[in-house]
Amino acid sequence: MNFKKFIIIPVFIAFLAFTFILIDQLISPHMPISDNKGFGWVTFQAWAMYFLAGCTLKGGLRTFLGYVMGIIAAVVIITLAGKFGATGFWAVPLAVFIVVIPMCSMERAHSAIDFVPALFVSSAVFFAFMNYIPNATMMSSAVTILTYCAIGMIYGIVTVASRNFYEKKIAQLN
C-alpha cells in the first residue's frame, strides 16, 4: 500500500483519539474522584495494551481481566505493607516481593488471566492514582481505572476492525 492510501489509517486513528478526548472531557467531571483533570492517559495506555495482547477480542478480555487482577494485586500490596508497618523501611518491599510472585506466575495460568503485562501496568496505574491524585480512594481509583480501560478496549477493537475493513477494500481495488 502506498503512502497516499496508508495515510488514511493514521488520520482515522487521530480522529479516534480526538473523539476520545471529547468523551474524556465530558465524562471526567462525573468520575468518582472529585476535582480531577481527566484520565485519558489511562485509556491511551490501555488502548496500547490491547495491541500488545494481540488485537483480538480475546486479547481485549485478557487485558481487561489483567487490569482487574492488577488492581487486586495493588490493594493486596497496600494492605500487606500496612500489616508489615512495624518493619519500617522494609514494609513495602516485603509486600511487593510476596505479591509479585503470584503476579508473575499468572503467565502459567493459560487462561484469560495470563496477560502479565496488563497486571503490572494496572498495578502501576493504581499506585499512581493512590499516591498522586488528590481525593482518590481504593474504590474510586478501581472504578475509574476500569472505566477508562474498558474505553481503551473499545477503541482498540474499533481501530483494528476499521483498519482491517479499509485494508481489505484497498486490496479489492488493486
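Predicted model: local features only at pLDDT ≥ 70, side-chain atom pairs only at ≥ 80, totals over all residues.
Colleague: How many helices and strands does the chain have?

Modeller: Helices (H or I, at least four residues) and strands (E, at least two) are DSSP runs, numbered from the N terminus. This chain has seven helices and zero strands. Along the sequence the pattern reads α-α-α-α-α-α-α. The C-alpha atoms fill a box of roughly 70 × 40 × 20 Å, taken along the principal axes.

Colleague: What share of the residues is buried?

Modeller: Buried means under 20% relative accessible area, exposed means over 50%, and partly exposed lies in between (1.4 Å probe, protein chains only). Of the 174 residues in the chain, 38% are buried.

Colleague: What share of the contacts joins residues 24 or more positions apart?

Modeller: Contact means heavy atoms within 4.5 Å. Take the contacts with a separation of 6 or more: residues 24 or more positions apart account for 68% of them.

Colleague: Which residues touch the most other members of the largest nonpolar core?

Modeller: In soluble globular proteins, nonpolar side chains tend to be buried together. A nonpolar core is a set of buried Ala, Val, Leu, Ile, Met, Phe, Trp, Tyr and Cys residues joined through side-chain atoms within 4.5 Å. The largest one here has 30 residues, and Phe-39, Val-42, Tyr-67, Phe-129 and Ile-145 touch the most other members. The elements giving two or more residues to this core are α2, α3 (40-52), α4, α6 and α7. The largest share, eight residues, comes from α7. There is also a second, separate core of nine residues, with Ala-73, Ala-95, Met-106 and Leu-119 among them.

Colleague: What does Val-42 touch?

Modeller: Val-42 touches Val-125, Phe-129, Ile-145, Tyr-148 and Cys-149, not counting residues up to four places away in sequence.

Colleague: Is Tyr-155 buried or exposed?

Modeller: Tyr-155 has 9% relative accessibility, so it counts as buried. Tyr-155 is found in helix α7. Leaving aside neighbours within four places in sequence, Tyr-155 is in contact with Leu-16, Thr-19, Phe-20, Ile-23 and Trp-47. Pro-10 is 145 residues from Tyr-155 along the chain, and their C-alpha atoms are separated by 14 Å.

Colleague: Where does Thr-144 lie?

Modeller: Thr-144 lies in helix α7. At 0% relative accessibility, Thr-144 counts as buried. A polar atom of the Thr-144 side chain lies 2.8 Å from the backbone oxygen of Ser-140. Not counting residues up to four places away in sequence, Thr-144 touches Met-31, Pro-32, Ile-33, Phe-39 and Phe-129.

Colleague: How many salt bridges does the structure hold?

Modeller: Side chains of opposite charge can pair when their charged atoms come close. A salt bridge is a side-chain nitrogen of Lys or Arg within 4 Å of a carboxyl oxygen of Asp or Glu. The structure holds two. Arg-62 pairs with Asp-114, and their closest N and O atoms are 2.8 Å apart. Arg-62 lies in helix α4 (residues 57-83) and Asp-114 in the loop between α5 (91-105) and α6 (116-132), so the pair ties together parts that are 52 residues apart in sequence. Arg-62 and Asp-114 are buried.

Colleague: Which residue does Arg-163 pair with?

Modeller: Arg-163 forms a salt bridge with Glu-167, with the closest N and O atoms 2.7 Å apart. Both lie in helix α7, four residues apart, about one turn of the helix. Arg-163 counts as partly exposed at 34% relative accessibility, and Glu-167 counts as partly exposed at 28%.

Colleague: Which residues make the nonpolar surface patch?

Modeller: Patches are made of residues with over 30% relative accessible area and no salt bridge: like charges are joined within 9 Å, nonpolar side chains (Val, Leu, Ile, Met, Phe, Trp, Tyr) within 5 Å. Here, Phe-12, Ile-13, Phe-15, Phe-18, Leu-22, Ile-154 and Val-158 make a nonpolar patch of about 600 Å². The elements giving two or more residues to the patch are α2 (8-27) and α7 (138-173). Helix α2 gives the most, with five residues.

Methods
Residues numbered from 1 in each chain as written. Heavy atoms only, no water. Areas by Shrake-Rupley, 256 points an atom, 1.4 Å probe, with all protein chains shown as cover. Polar contact = N/O pair within 3.5 Å; in protein donor to acceptor, adjacent residues only side chain to side chain.
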